[in-house]
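Have the viewer ready and follow along. We will go from one selection to the next, with a word on what is there.

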Amino acid sequence: MDTNEKLIEIKNVEFLYESTEEPGGSRVLKDVSLDIKKGEFLAVLGHNGSGKSTLAKHLNAILVPEKGSVLVAGFLTSDESLLYEIRQRVGMVFQNPDNQLVATIVEEDVAFAPENLGVNPQEIRERVDYALDAVNMSEYKEHAPHMLSGGQKQRIAIAGVLAMKPDVLVMDEPTAMLDPEGRREILETVKKLNRDEGMTVVMITHFMEEAAQADRVVVIDHGKIIMHGLPKEVFSRVEEIKEIGLDVPQATELAYLLKKEGFDFETDILTADECVNKILSVYQSERGADND
Amino acid sequence: MIKLTDVSYTYMSGGPFESAAVENVSVTLNSGEFIGLMGHTGSGKSTLIQMIAGLIKPTSGSIEIDGQVLHSKNCDKRAMRFKTGLVMQYPEYQLFEETVFKDISFGPTNMGLPKDEIKRRVESAANLVGLDEDILQKSPFELSGGQKRRVAIAGVLAMEPKLLILDEPTAGLDPAGRDEILFKIRDMHKRLGITVILVSHSMEDLANLTQKIMVMNHGRLVMYDKTSEIFKKTHELKDLGLAVPQITEICDKLREKGFPVPAGIYTLDTAKAEIEKVLKNEKR
Ligand SMILES: Nc1ncnc2c1ncn2[C@@H]1O[C@H](COP(=O)(O)OP(=O)(O)OP(=O)(O)O)[C@@H](O)[C@H]1O
Ligand SMILES: Nc1ncnc2c1ncn2[C@@H]1O[C@H](COP(=O)(O)OP(=O)(O)O)[C@@H](O)[C@H]1O
Ligand SMILES: [Mg+2]
Ligand SMILES: [Mg+2]
């Protein structure tokens, strides 16, 4: 697979919700340009109201730009005749799973979208089995969705999207309602899909430790993309990140604080293990210095 | 004082899906304390606090708040309703008014407060949760997820309850919003001497804010103690399926490798101070 192939091209997008249109009213998206590459795992960060969900809705033509353009696999989202092409390529998991669950039995729920796409029954059966297996929920296929825990519901919502076999999985805060264990499970599922199936993933999150595991991080502030790069690059800018009301992983912040105290630390540390190893190596070199 | 005696709750009792969500909880909580509540998903936290807030009635057992037994004949229901404020787990679904201002003023209006007092309370509550004034005239349906969450919290704060119960209030808030709102609630607790019960999965937040902590497991209350005592039991907490913060993991791993930091570190500041102490010692 050519990893540099652009799957989504967002060019100079401006957007304003009609209901709030007022003289001098400020735009929700301001000159946003971003390419999303095939097979990448992209995390999107930003404060409440910064425009993340609005941007996500542009990726499958729920919203279309007021100015600028969005291309999905070469298809222009503002062209209504291409809606089918776009929606079958970009699957979207919304901020809250309850809004997304429609049927009274799990497997019917998962079959809902492909049925709507006109997929044949035999193929639907296969896709439902594949999707439930991918999120580890096969044993619940005959349960009622509303009786499941938040984490389980969220996995069913993801399965419903997977059954469409999209090229891109867009997830708007898929773990916000979950406990730490549920969060870990969802993230593992998503990473597996990205790694093993080559699925392109766009994930909005407020959890910095989750974003640290992506291939690339984009930061939105007041409707503008103000940073993007490898997690290491973005999170090493600790002060700027804090300035705009976000945070960095605790491991990164600890390294940053120790560096400020004059110890020999870099701030490109993201995980607990990296941090532990760095502290131990500083400890040993200080001890070594003692013995000289 | 809040006194629970043998409190149990069973959803759909008698039916095929009968399940005990809370079992035989007995505990006394002192007025004016800041109390944390933690436990895995499904352990019964939301069910327990909905009973304390009087929204659902225990299947068996009794709850007494400041001398009044909930759901008893002589309980002053109206006074009770205004005394207790509950921020529900998914409060954004409770928004229904046409403007944010009206939504936040719903509680104070029901309390029969004068207009100017309502206005004062709405503005102060909006300020507490970090909502700009121009948002007050918007429709709640035009807000982002995190903004809706803030409106819902403000609606409860505007009632200025004596007992404030918050069920995972910070889900969906950005990091600065999370810290700021919790800081304001701690400040309110100190300033007004109210009782606060906070349900949270964040051990760091609980360590920073609470005086005591209740731990639930499969419907039962398995620990209730001073916060400092609870956090000495890292292993027991892990066994109950509770995740420790990344900073605790770092300190635990360091200790295993012979780096002398104490056990039970849950906040970044303590971790930094302890590690710095060790490194400075070596430097000397
Ligand atoms: N349906 C709507 N009508 C009018 N304005 C809206 C609508 N949805 C969102 N907005 C406004 O657009 C801006 C961006 O909202 P958006 O939902 O994209 O934010 P977000 O980054 O997803 O925030 P959060 O982290 O809180 O989910 C906010 O100022 C919000 O009030
Ligand atoms: N409305 C409901 N109907 C049936 N069962 C429920 C309902 N709400 C909660 N439960 C069940 O009660 C138990 C405790 O749930 P809950 O109090 O929500 O736990 P927590 O808040 O700790 O996650 C769980 O087994 C859950 O499935
Ligand atoms: Mg959003
Ligand atoms: Mg709950």
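A salt bridge here is a side-chain nitrogen of Lys or Arg within 4 Å of a carboxyl oxygen of Asp or Glu. This is a predicted model, where local features need pLDDT of at least 70 and side-chain atom pairs count only at pLDDT 80 or more, while totals for chains, interfaces and linings use all residues. Residues are numbered from 1 along each chain as its sequence is written, chains are lettered from A and ligands numbered from 1 in the order in which they are written, and side-chain values use heavy atoms, leaving out hydrogens and water.

Start by selecting Lys212(B) and Glu33(B): they form a salt bridge, with the closest N and O atoms 3.3 Å apart. Both residues are buried (under 20% relative accessible area; exposed is over 50%, partly exposed in between, with a 1.4 Å probe and protein chains only).

Next, pick Glu66(A) and Arg27(A), a salt bridge with its closest N and O atoms 2.9 Å apart. Glu66(A) is partly exposed at 39% relative accessible area, and Arg27(A) is partly exposed too, at 27%.

Now move to ligand 1. Which chains surround it? Chains A and B both contribute residues, so the site is shared between chains. The shell holds 23 residues, with Lys52(A), Ser53(A), Thr54(A), Ser144(B) and Gly146(B) the closest; a residue belongs if one of its heavy atoms lies within 4 Å.

Finally, show two side chains here. A polar side-chain atom of Gln147(B) sits 2.9 Å from an oxygen atom of ligand 1, and a side-chain N or O atom of His206(A) is 3.1 Å from a ligand 1 oxygen.

How values were computed. Polar contact = N/O pair within 3.5 Å; in protein donor to acceptor, adjacent residues only side chain to side chain.
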